[in-house]
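Let's take a walk through this structure together. Have a look at the sequence and the fold first, and then we'll go through them piece by piece.

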Amino acid sequence: MQKIMIIEDDPLIREELSLLLENEGYGVVSVTDFTDIPEQIRDCAPDLLLLDLGLPEQDGLTLCAGIRKSSALPIIIVTSRDSSADEFHGLSLGCDDYITKPYDVPILLARIKAVLRRSAGVPDADVLAVNGLQVSLTRGTVSLNGRSEELTRNELKILAHLMTHAGEIVSRADLIDVLWENQIYIDDNTLSVNITRLRTKLKDLGMPDCIRTRRGMGYQL
Amino acid sequence: MTIREFLSDRLGKITGQLCCTVSAALFLLATGTSSGVIVLLLLFLLLISITTQAAEYLKCRRRLSELDVLMQGLDQKYLFSECAPPPRTVYEQKLFDLMRCSGRAMIGAVSDAQASMQEYREYIESWVHEIKTPLTAAKLTCRHLEPDSRRKFSAELAQIEAHVERALYYARVKSPEQDCIIRQTDLADIVSQAVGNHRTLLIQSQMKIETGDLDFTVYTDRKWAVFMLGQLLQNASRYRNNDSPSILLTATRCGRQVRLTVSDNGIGIPAHELPRVFDRGFTGSNGRTRGGSTGIGLYLCRKLAALLEIDLQISSEEQKGTAVTLTFPARQAAETLQDCKTNPY
């Protein structure tokens, strides 16, 4: 389990962030005493640091520079200071990413994931599999029992999202949200069209009722 | 100062002199001086007076033009009395003292105003940063709500965020050099970030986003460009056509510049209001009937565009839509701009 250390002085954000990251399957350590942060970092050896800049005891940038001197620990600065100069300064001090508040939760998670992946040098899982159905993200194909079909970019994203949330009901609005995050600016009608095409392809593979419509709620794999 | 102005200024004095001379001549004539001598004397006096007046005129003119040059060379005109050459006569000295006294009062008032502006700007900036913490907390917390209220709540939060952002840029536009870093940036990145920032609003408005060729590199400040584009996207959503609204973002190269066009199929702007849409606080008939318009977004766009040397143009047709073009400067222009700005590093 990868461990993330949260250095944030606002108690509510700290609490919510811990909850969010724990739900995502990370180990979380929140710092509540801001006096000897470097020591705390050494003690718990996290895989990633989420660092707020406006700390009570010490400026976050100084802290970031201090940590960088002795370790290559990935650092994401999460701050409300949003000027280009601040960002430039932060990145030049060696932080791995710079996210400004108020951030969107999915974006924060995606960037945490990206930094962790980069630092570990492990490629993202390429193949998703649910009930024998396999999706290759790099090749953009879906396969079942040795037969495969090519997917368009939109279909791939939709199916991948449904598969990572297999069993859950995914609302149309959530799907649209996910696609927009991937720079696919889809509207309600286009989503329906894409779902229909996806179902046809899955039917051709021999899984006709793979994506169920839950009336008034969304889709379920 | 023209000769006519000089003479009309001296009219009283010259008339007085003339009266004195005429009465002296009459007196001399009465006391038996020959008219020939008097004529000679008068000619002589005339010569002297013309010469002195001419000399005085030239002196006056030289001094005025000296002061004129000084004034033109001054960056802050109100500092004139501090830089003016010392007076030569007692009368000038008195005037000079009065002027300097008034100038000093002005300098004081100006620097007080500047200081309080600066303080206010700093307060707004720090306020904006403060408010972002509870906003973040609210955004994180609203995940726990059931989907429908979460969506409504997120939309409201997004609106608050947009207002806060405008306040921040309003403060920044007053002293831009503190925050501008011109760098090579992908136009596609700017667009996707701006669309991403306003995702909640755009999805809620059921806006269809179409993108054309955006594969260009521009030289600009990314954050500012994203902010400007964000204002345009917000306007397009606010003044959308309720029947299948859409926004098209596309770019073309023209010469060494890159032109980004943001066009929508919204309700458009009446022709007579179009020239004023960039004015501060101008909301127009659309803004009044729909409400919620602040008249600040496009004003800030124009200001920021001027600072980034982006040419901003708008065209619109009622019930057809509005198109805004942003022409990004060629590389050289952007580089000179960077030289002018104080880069903190």
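Among contacts in chain A between residues at least 6 apart in sequence, what percentage join residues at least 24 apart? The answer is 55%, where two residues are in contact if their C-beta atoms, placed from the backbone, lie within 7 Å.

A quick word on what you're looking at: this is a predicted model, in which local features need pLDDT of at least 70 and side-chain atom pairs count only at pLDDT 80 or more, while totals for chains, interfaces and linings use all residues. Residues are numbered from 1 along each chain as its sequence is written, and chains are lettered from A and ligands numbered from 1 in the order in which they are written.

Chain A has eight helices and 12 strands (DSSP runs, numbered from the N terminus: H or I of at least four residues for helices, E of at least two for strands). Its C-alpha atoms fill a box of roughly 60 × 30 × 30 Å along the principal axes.

Now for a sheet. In chain A, β10, β12 and β11 form an open, antiparallel sheet in the order β10-β12-β11; strands pair if DSSP finds at least two bridges between them. β10 (169-170) and β11 (212-214) of chain A are the edge strands, each pairing on one side only. Three bridges tie β11(A) to β12 (residues 218-220) of chain A, and R214(A) sits opposite G218(A) in β12(A).

Finally, the meeting of the chains: 24 residues of chain A and 27 residues of chain B take part in the contact. On the side of chain B that touches chain A, α4(B) gives the most, with nine residues.
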